[in-house]
Each structure stands twice: as structure tokens, then as C-alpha cells.
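Open the model in your viewer and keep the selection panel at hand.

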2 protein chains.
Amino acid sequence: MTLQGHSLIAGETVTGTSGTTYGINPATNEQLEPAYTLISEQQLKAATDAATDAFDSFSTLEPEQHARFLDAIAENIDAIGDELIERASTETGLGADRLRGERARTTGQLRLFADVVRRGDFRGVRIDPALPDRAPLPRADIRQRQIPLGPVAVFGASNFPLAFSVAGGDTASAFAAGCPVIVKAHNAHPGTAELVGQAIVNAVRDLDLHPGVFSLIYGSGASIGQALVADPAIKAVGFTGSRGGGTALMRTAAARPEPIPVYAEMSSINPVYVFPGALNGDVETLAQQYVASVTGSSGQLCTSPGLVFVPAGEAGDQFTAAVTEAVTQLSGQTMLSGGIASAWEHGHNALESAADVELIGRGKGGPTANAPAPAVFGADLDVFTTNPVLHEEVFGAASLVVRYKGVEDLIEATRLLEGQLTASLHVAEEDYPVASGLIPALERKVGRILINGWPTGVEVGHAMVHGGPYPATSDSKTTSVGTLAINRFLRPVAYQNFPEQLRPAPLQDANPWNVNRLVDGKPEQAG
Amino acid sequence: MTLQGHSLIAGETVTGTSGTTYGINPATNEQLEPAYTLISEQQLKAATDAATDAFDSFSTLEPEQHARFLDAIAENIDAIGDELIERASTETGLGADRLRGERARTTGQLRLFADVVRRGDFRGVRIDPALPDRAPLPRADIRQRQIPLGPVAVFGASNFPLAFSVAGGDTASAFAAGCPVIVKAHNAHPGTAELVGQAIVNAVRDLDLHPGVFSLIYGSGASIGQALVADPAIKAVGFTGSRGGGTALMRTAAARPEPIPVYAEMSSINPVYVFPGALNGDVETLAQQYVASVTGSSGQLCTSPGLVFVPAGEAGDQFTAAVTEAVTQLSGQTMLSGGIASAWEHGHNALESAADVELIGRGKGGPTANAPAPAVFGADLDVFTTNPVLHEEVFGAASLVVRYKGVEDLIEATRLLEGQLTASLHVAEEDYPVASGLIPALERKVGRILINGWPTGVEVGHAMVHGGPYPATSDSKTTSVGTLAINRFLRPVAYQNFPEQLRPAPLQDANPWNVNRLVDGKPEQAG
């Protein structure tokens, strides 16, 4: 496909009038063709108007056509083939294998949401039948379903140019809910965004949907994003990125005449707790797994373990020595952009220069531009608990090993943490009694707890939670990965005393969409 | 019971150090004994600290004990007997029959939430079993459940001194979720609040729960409320009241270092659409029902119909004449307080003096203080659509009849409305085709749609939605009435690769709490 370099607004290619930008190859700092034109706030209006126009028909699609749309996007993305992997790799520095895996995850979650649409449980149907003879007052027939919120604005992440971008989890779950989507393309991967955007545009056309169901806009960073979130047509926002970016959108959304929800996934250091029993086993492998989890994708993962608690003393020292050994052998990999590499360096330097923090190990710089040497630092627990700098996420391949004296100190250290996406425990069976005492404290702080695993590698399923208390996300009641993510874009409506002819399909006695329903509070499975 | 006139903090009677307030009998404007002492911000800390301390044990109660707590509150409220009805009637001007009905609703919803706790569906258990042989990567065992958010602050409403106050829907649903509750007593019914608060304190003691599970605080209006919402211990807020009060709490919650959700139910004019076919029937009865819905409880209901669209022309005039007849016969009833009566008068005067708005009918003033004459006004549709004053809620017995020419004008008029709790359609079968065209526009604007009914009288069940788009509420994704309300106080957590011994009870293979679960995306009913 020849890249056009323009926004795709409701099926039309729109040349922006507010300047241009280019993708950059972070391995070489070279500019990539073509130029991407940036739209003005006035041009944005065409996208939001079209999304509003599309909402009525898109939100009431028959389930099978609705599901086919999601399947078609997945097929169209697969059909792009290697061009997508190559462009994404050039724009992000991520390797082809990683990107192939990410593509499979992206199309997999689109197909998973197609299943969700076919099953229909997300419609949340509840029926309280009329009780005409109830005393002192009869009860009317009341039925409830979940309906989509309206057009959704999606801001993709730089670190997942496929799975958290144009057709990523936010878009897939919003589409599955029945919401039109406007994606603000991430300027770090404009070509990848266009390729995927075109795949969605083609699916909209193939399924004969209203073209306003989807738009992909290119604009200059913050300003067009703020304008999009402030637009009255937009009813919810999905965002993955920095805390600064996320909280700015939260403020804009809260200040609207009609405030709207912002689902921002922002930052996390993902603490790992190594219990004494876990160090009776293969300490070397444990250390290698840790270093692999810290340095995979150049550490640019939301769930990268930025903090590991290990017991002070001999066993802990053995772990630390194995970490030194493992990290020293590594070379830096190209980071996503020069800006991200600079931010990493800033965070790394803050760790390096913090009082009573020592270097545990450092790899070599990579052969490309923007490929800094991965590094692991160490400190005692009291140093960690008293220095807020050590609690900040360093996005990239850097991590901190914190030595604790007694496991009882871990609960207090946990209370001092900010909200996180994940926490991981490494335990042997002898550690269970103490570990179980820590779990309630972890539940207050995180969205996912792992036993004897590493937090990177987020499964897309029904039970996954990729979320957590602020500032890990803006809304701990939701997840941005997995099928529960659809709930972010739904709201309940009750229908009282409706005759069968006026009831929406999933609420009809005939149950033509064959959905499971809660009748008088009890689950009733569809035939 | 002898009223003490003090806050109940974690089971202790605490004499406030920041002045006193009194209940007022709105029928006479007389001060009621005893004086209520108001706590300082420093004294508030005892309540929030105790709630934090209570959270661990309360959030992990066995379901049966948890349910018994809710049942015990209901029993204890019933056991107060007539003293509660009498004090509430004296403090609010509401009649004894209305208050008996409200008490039944209050204890009924506590018992309904006890059933919800016993059933356990709210725990939202999802299990994605491990797939060790999956290629290219195995899948870990991942399990999800909903856990309570933490201590909740509840602000009761003046107009439901039982059902939306100390042991009202917010408290019942927060307790059911497993959250400790701190209620800021409404200063318009301090004695009623104390009686119900003591019933909860007794239930906490009877069930041997941590006393911090519940506190009832008296404080001077806005300042102690803001301090409560700003307190880091508080993790969510339930509020029923004015738009000004609700939005002030929203701002405070959003500005915290850790923002928290505010569930505010604020204002609504609850439009009613009378279609031409509905006027072929018994117009007099329809008009009488309308007037009864407008004037019941002196119009002081969140779902009072403040706006009725009727066809211009002969049939509409007949309806209007019947409204005149019905409202003229009525006398004003005592309103909840002098402040509310003044606010009503202000709103009434704004309607009365609005250009091209005429009086349709007015009753007589009531014999007591604060019992203004109910009034219904009329205007043409274009007058309504162009004057924002006519879109504002007038809390109390006042309403506006708007005449429309063609049913097609109703969709556009609906688009101009703010978010509402309810909309009601009065239709005959011949109106169905046109009515069904209006329903999608209504779904964008309201939380509940009624056919051939009046919006007052909110059923407490599984399918009820008492919510709606801003400014009807602060969060359209929730309801403050019905069992779905529990979701406001829950968040999901995922447990990855947990051994059976470390799994929380509802996630164990053995399923000791016997809850329904979603296994690999498919509902699996407990035995």
C-alpha cells in the first residue's frame, strides 16, 4: 500500500491544514517518508460530527453483522502482511518477532470481542417481570440493558504500535460496545497507524456501515487531543501513555459542561516480592528471568518490573550477583524514540545519583542510536521508603533491587507504594503463611497479583485485569485488556412497562438475540 | 430512645466541638430538641481512621455473616417503631403513611442486598484456566473477582430521610460491597438520622464487627463534607442532592492527590411525552395522574415530572383544562424546610415571569408554614426550546406543560434537553411507530424510560436504573437504586497462577462460597 500521509475522516482522505510531521527511525534518527499532514481543530469537527451521525445505526447493529465487522478488521490487518511489520519496526525500533506476536494479539483480541458480541452477555439484560397482584402496590415490568455511551476518543501508546494503538484494545472494546471511534494517531508511528487505519476503513466499507464509525486523525500532539476530548460529541476517552498526558486529559474531561469518563493507563513500577523460600531454588534462573522481564522490548512495557524486594543477607546477595552477571552480558536495544530515550536517561540518572543507591549491573550500549545500556540498581529498604524519587517509573530498561530484613517490613513498604498495575510474589510453599498476610495489602494497591511469575506478557482473556488504583490508571474499576474492558463504554438503561413491540431486541420475551438474562435476580441461560 | 444529639463515631458517642445545630419543624418553623453538636475536622479523623482499620476484616467477611449484618440493620430499624415515623414526620413535614412506605422500602432494600450478598454474583468471578500446552506460549491460570473499593462517604438527601439517608440505598449497597461507611447526617433531619444511625451501630455490635465499619457525623454543611471527601481514607462518595452540592464534591474528589469516584444524583425534570393517541382515552384520569405525580410528597421527588409535552389543539386543550381542574382543588403541603420552600418559590417565580409562559392552574396555599400552592404552567414548544430557564428543575410542586405541533418536533426538543433520570411516554398502539422513533433519542438522555406510567415511585429491584447522563447524575454508568448499585463500590482484581491455598475463597476450585462463575467466558452456575 502506498502511504498517503493524511487523516482518514469518515472514510475520506483529508489533507490537514496545520502543518506536517514525519515518522522517525529511532535506530538512525532519520526522517521517514511520507510527510503526515496535521488537521486543524476545524477539520476535527468533520470527524466528530460523522461519529455522532453514525452512532444511531452502529449502536443498533444486529449482533452477527456487528461481530463480522470486528472479524473483518482482524482479517484486513492480517492481509497487510509484512509491510505492516516492516513499517512498524522501522518506526519503533521494535523487532519483527515481537511485532508479529503483537499483531497476533491485536487480531486475536478483535476476534475475541467478536465472540463477546455474538454471546451478548455484555448487554447485561435484567428482567423483573410485572407483579400485578403485589400488595400494597403492584410492580411494573422493568427490564434493563447496557447501551453504548456514544463516540469514543482513543489515544494510542507508542510502545504497542498495534495492540494499544489504532485497532488496539481500546478501539476493539469500544467498537464491541457499539461506539464509533476517533483515534488520534500517535505521531511516533504515523505510517503504522495509517496502514491499520485503512484496514478499519475498508472493514467499515465492506460491512456497509456508516463511514462515521471510524476516523483516524493526525494532529499536533496535545492541542488536537485536548480539542478532541473537549468536543461535546465525544462521550468517553481511552488513553495509554504518560501520567502527564493522562492527567491533562482527565482535567479537560472533568471541566467540560458535560464531564465524561477518561480511561487512562499511565504508569507503574510493578513491584516484585522475592520471599526467602524462593531463593532456596534455582537463584540463577530467577535472576535471569528478572533481567529478561526488565529488558524485554527495551523495558518499554507498562508491566516491566521496576522494583524487586529481596531478602538482605547471603541468599539475596547470591540473587544480586546473578543479576549482575545477567545484565552485564546484555546490550541496549533501540528505544521507541529519541524523546523516550532521553526520558529514560533522565530517570536512570536520578536513580544513579540518588543517595545510598548503588549500581548492581550495567550492560553495554547498543549499536544503534537511542539504545542505552540497561542498568539495575540496588538499595536498602529504608533508603527506598524514604526517597520518593525511587518510587517513580523509569520507562525503559532500568530497575531497582531493594533489600529487606524481615518479611514483616514488606507490608509497611507496600502501604507506601502508589497504585500499580501488578505485583508479583516469588514464594516457596514455606512462604505461603507470610505471603497470604501480604496479599490484602497488595489488593489495595494493584490490579493483578502474580505468584511465581513475571508481570510482563499480559494475557488477553476474560479474567485479565490490566488496571489498578491511581496513578496506575485513572479508574481502578476498569481494565484496558481483556473482555471486561467493554464495560468502560456501556451504561444501563431501564425500560418500564414496555409492550413487546417497543422493546429493544435483547429485552423481548422472544429473546431473538438469544442472550443470557438475569430474571428476578437469577441467571437464566439462553437456549 | 432518648436522642443524644452527638455524632456516632466507630460506636462511640462523640460530642462535637464546632458548635451546634437543631432540627426544625418545617410546619411551624420551631426548633426541635435536642441540640446536635457539630464535629471539627480534627474529630472527623477518628471516623476515617476507624473506617480504614475496619476495612480488612469487613471486606473479607463470610457471606452469611455479611448478609446477617444487613438483615440486622433492617430489623433494628423496624424495631424503632413509631418513634422513627413521628420524629421523621416532625422534622420533614412528610406524612406518616408516606414515611411508613419509605421505611418499608429502606428495610426492603437492606434485605434485598442481604440476598445479593448470599447469592454472590456481585463478586464477578471469572476463571480462565491454565493452558500449559498452548503454542506458541502457554497460558497461566488467571482468576478475577470484584473487591470493595474501601471506606465510602455517604451524603443523604433531605427528601428521603430514610430511603436516601443514613441507612438508605448508598449505605446499603456500600455495605453489601464490603465497604465501611461514614454518613454525613443531613442537618434537616438530625433526629431521624440519629435513630437510624443507632440502629446500625447496634447491628455492628450485635454481629461483633469492627466498630469502624460505620460512623454517623454531624458537621456544619459544606466544610465538613468537603473535608470528608478530601480525606485520603475515603475511596468513593455517594451523594443525593442539588447540582451545586454534587458538583462541588466532584471538584474536590477530582482535585485529590488520588482522585476518587463521586456518585452524585443531582437534578432532573423528567420529561413526559403525551402522544395524540393517548388523548383518545380517558383524558381526565391522565390529567389527574399527572397532577398527582407532580404534587405527591409536595413535588419533592427526584423523578417528579416537571415537563409534559402535549399536542397543541383540541385534545391537548382538553388535557390542559383537566389539569387546571385537578390542580385548583389541591392545597399546598408542608415542604421539607424553609430553605427548600424558598428555593421552590424562586424557581416558581422564574417560570411565572418567563416570557410567553402562562399559568394553567394553581392550588391553594396549605395551612402550615412552608406549604406553597402547587402550580402548573404552560408554553408553546418554541418558547420552551429557546429559553434555558424553562429547562431547570424546580424542586417542589410545579410543572410545565409544553404544546407541540407535530410529533417530529419532539426528537429535536429531546436533543436540546440536558441529561435526565427518566422519560415517560403516553401512547396508544397507533402511536407506536412514531414513539419508537423517539426512543433512541431518549436513550441518549435518560436512565429509565416508561410507557404509559408516571416516573415517581421508583421500584427497588434488579432491573431498576435510577441514574442518567450528566447533570442528572455524575456518572451515567451507574444507578443509585436497585441491586446494580453495588457495582459503584467494587473493582476487579486478577490473580495469576495462584495455588489453591492462596486463592481467595470465591476463586478456589472448591468454590466454598458456592458462587456462579464465568469459566473461559461461559457462565457456570453454582450447585
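**Chain A, whole**

Select chain A: 14 helices and 21 strands. Both kinds of element are DSSP runs numbered from the N terminus, helices being H or I with at least four residues and strands E with at least two. The radius of gyration of chain A is 25 Å, close to the 24 Å of the globule rule for 527 residues, so the chain is as compact as a globular protein of that length. That radius is taken over C-alpha atoms, and the rule is 2.2 Å times the number of residues to the power 0.38.

This is a predicted model: local features need pLDDT of at least 70, side-chain atom pairs count only at pLDDT 80 or more, and totals for chains, interfaces and linings use all residues. Residues are numbered from 1 along each chain as its sequence is written, while chains are lettered from A and ligands numbered from 1 in the order in which they are written.

Now show the C-alpha trace of chain A; along its principal axes it spans about 75 × 65 × 40 Å. Colour by burial: 61% of the 527 residues in chain A are buried. Buried means 20 or more other C-beta atoms within 10 Å of the residue's own, with C-beta atoms placed from the backbone.

**The open sheet**

Next, select the seven strands of chain A that run E2-E1-E9-E8-E7-E10-E11 in an open sheet of mixed pairing. Strands pair if DSSP finds at least two bridges between them. Go to the edges: E2 (12-14) and E11 (262-265) of chain A each have a single partner strand, so one side of each lacks a neighbour in the sheet.

Zoom in on E8 (181-184) and E9 (214-217) of chain A, a parallel pair with four bridges. Val181(A) has Phe214(A) in E9(A) as its bridge partner.

H7 lies across E7 (152-155), E8, E9 and E10 (236-240) of chain A, at about 160 degrees to E8(A). Axes are lines fitted to C-alpha atoms, for helices over the stretch in contact, with angles from 0 to 180 degrees between N-to-C directions.

**Where the chains meet**

Show chain B too. Here 55 residues of chain B are in contact with 54 of chain A; contact means C-beta atoms, placed from the backbone, within 7 Å. Among the elements giving two or more residues to this side of chain B are helix H14 (432-443) and strand E18 (448-451) of chain B.

Finish on E19 (490-496) of chain A, which pairs with E18(B) in the parallel sense over three bridges. Tyr495(A) stands opposite Ile449(B) there.

Note on methods: Contact = placed C-beta atoms within 7 Å. Buried ≥ 20, exposed ≤ 12 C-beta atoms within 10 Å, placed from the backbone.
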